[in-house]
Amino acid sequence: MAALTLHHSCLQASGHLSRRLYHQSFSSFPRNPIKDLIFRLSPAELSSFSLSRRGNAVSVRAQCTVSVEDSPEKRMVKGIRVYEHGGPEVLKWEDVEVGEPKDGEIRVKNKAIGLNFIDVYYRKGVYKPASMPFTPGMEAVGEVVAVGPGLTGRKIGDLVAYAGNPMGAYAEEQILPADKVVPVPSSIDPIVAASIMLKGMTAQFLLRRCFKVERGHTILVHAAAGGVGSLLCQWANALGATVIGTVSTNEKAAQAKEDGCHHVIMYKNEDFVSRVNDITSGKGVDVVYDSVGKDTFKGSLACLKSRGYMVSFGQSSGSPDPIALSDLAPKSLFLTRPSMMQYNETRDEMLECAGEVFANVASGVIKARVNHKYPLSRVADAHADLENRITSGSVVLLPSYRGNM
């Protein structure tokens, strides 16, 4: 409790005093981190009260007793911050503040975080974050450790996953909108779930909605041994399609075959357009799933049959060169540049998409290849390895692991 003398330049019409005080007024309470206090009192509650007038100004002098409570301390966790666009070195491991969940929000302690090429795009500035600095990451699995006031449907201890927006998964803890997470089945390990959430949901909308792959289709998958590529090959094979995949090394070729590729093309040693033409007896493929971009885009168009679908969903080698709309006319081709966010705009769409992914994991239709794990503190190494095509399958970041892996 503290006795305070207040001065105010006006008396409100309601007969109440209103005053905004700053922490400098509480010199006898140096430990109180009070930045801003607003209170209202009636004259009857004051121990002394007087008015004085000088010209047109009315001054109020009042003394009262108020109770001051400490504000909660800031909650700090470890995370990654990016202050400028650039190479992996701009990923800074430091203390970050995480607040308390508000209405409709939860706080999640991340157990595993998925690394995706979209994280590289944001780090380099290909895609622009909403503000700088920012915390990257768009896929994680964790335990709910706090819920916002009045929230139902989620409780402390729930294991949940999310993929997409909001960005900020590269942290030990984060605040998330409750309607952006999905429950993780108890049969699925958190590391597996984190490795497959965004990639699996991407594979789902590409194969089932963007172009619906069915038995008898022939498809071409670039980067067939990558995180999304591996799942596309497995899933498309299970759907009855003939799968052609491109890879860069013998090791990745072996993996692609295990994942259901009927034909594997070593694009560094072979011209993939010619090989696709040979494999299809000159007919071409029904659809190309191209996450590489600049290096493969025009060749991908040449691989399509009449009325074929060109699905460009990434640009690991850079943005494709522009083409004229008339270039699509000779074979009446379809061209799309889809994003998972637009294919999961509603919660029902998101739940259906994630549900199909988890069901296919549980049934063995698709298998997550968690080929690489890094401590979150070493995410710069993970980014470098991903960009240099050293990795295959899925890459997972572990927030709680501080040692070497």
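This report walks through a few local features of the predicted model, one region at a time.

## Ground rules

The model is predicted, so to speak of local features here takes a pLDDT of at least 70, side-chain atom pairs count only at pLDDT 80 or more, and totals for chains, interfaces and linings use all residues. Residues are numbered from 1 along each chain as its sequence is written, and side-chain values use heavy atoms, with hydrogens and water left out.

Helices and strands are DSSP runs numbered from the N terminus (H or I with at least four residues for helices, E with at least two for strands).

## Helix α9 and what sits on it

Let's start with α9, which spans residues 379-387 and has V379, A382, H383 and L386 as its buried residues. Buried here means under 20% relative accessible area, exposed means over 50%, and partly exposed is in between, using a 1.4 Å probe and protein chains only. Looking down the axis of α9, the buried residues fall within an arc of 100°, so they line one face of the helix. That arc is taken from the directions from the helix axis to the C-beta atoms.

The cover over these buried residues includes strands β6 (76-82), β7 (91-97), β8 (105-115), β19 (370-375) and β20 (394-398), along with helix α1 (117-124). Contact means heavy atoms within 4.5 Å.

After α9 comes R389, in the loop between α9 and β20. Phi of R389 is near 60°, a positive value in a residue other than glycine. At 32% relative accessibility, R389 counts as partly exposed.

S281 is another non-glycine residue with positive phi, near 55°. You'll find S281 in the loop between α5 (272-279) and β16 (285-290), and at 62% relative accessibility it counts as exposed.

There are cis peptide bonds to check too. The bond from M132 to P133 is cis, with omega near -5°, and P133 is in the loop between α1 and β9 (139-147). The bond from N165 to P166 is also cis, with omega near 0°; P166 is in the loop between β10 (159-163) and β11 (173-177).

## R369 in its loop

R369 is in the loop between α8 (347-363) and β19, and R369 is buried, at 18% relative accessible area. Its side chain makes a polar contact of 2.8 Å with the side chain of E258. A polar contact is a pair of N or O atoms within 3.5 Å; within protein, one must be able to donate a hydrogen and the other to accept it, and residues adjacent in sequence count only if both atoms are side-chain atoms.

Setting aside residues up to four places away in sequence, R369 touches S230, Q255, E258, D259, G393 and S394.

## How α2 and α3 cross

The axes of α2 (residues 190-210) and α3 (residues 227-238) come within 9 Å and cross at roughly 50°. That makes α2 oblique to α3. Axes are lines fitted to C-alpha atoms, for helices over the stretch in contact, and angles run from 0 to 180 degrees between N-to-C directions. Angles under 35 degrees count as roughly parallel, over 145 as roughly antiparallel, 65 to 115 as roughly perpendicular and the rest as oblique.

Residues meeting across this pair include I196, K199 and L207 in α2, and V228, L231 and W235 in α3.

## K305 on strand β17

K305 belongs to strand β17 (residues 304-312) and is partly exposed, with a relative accessible area of 27%. K305 and S332 are 27 residues apart in sequence and 9.2 Å apart in space, C-alpha to C-alpha. Neighbours within four places in sequence aside, the contacts of K305 are K283, G284, V285, D286, K331 and L333.
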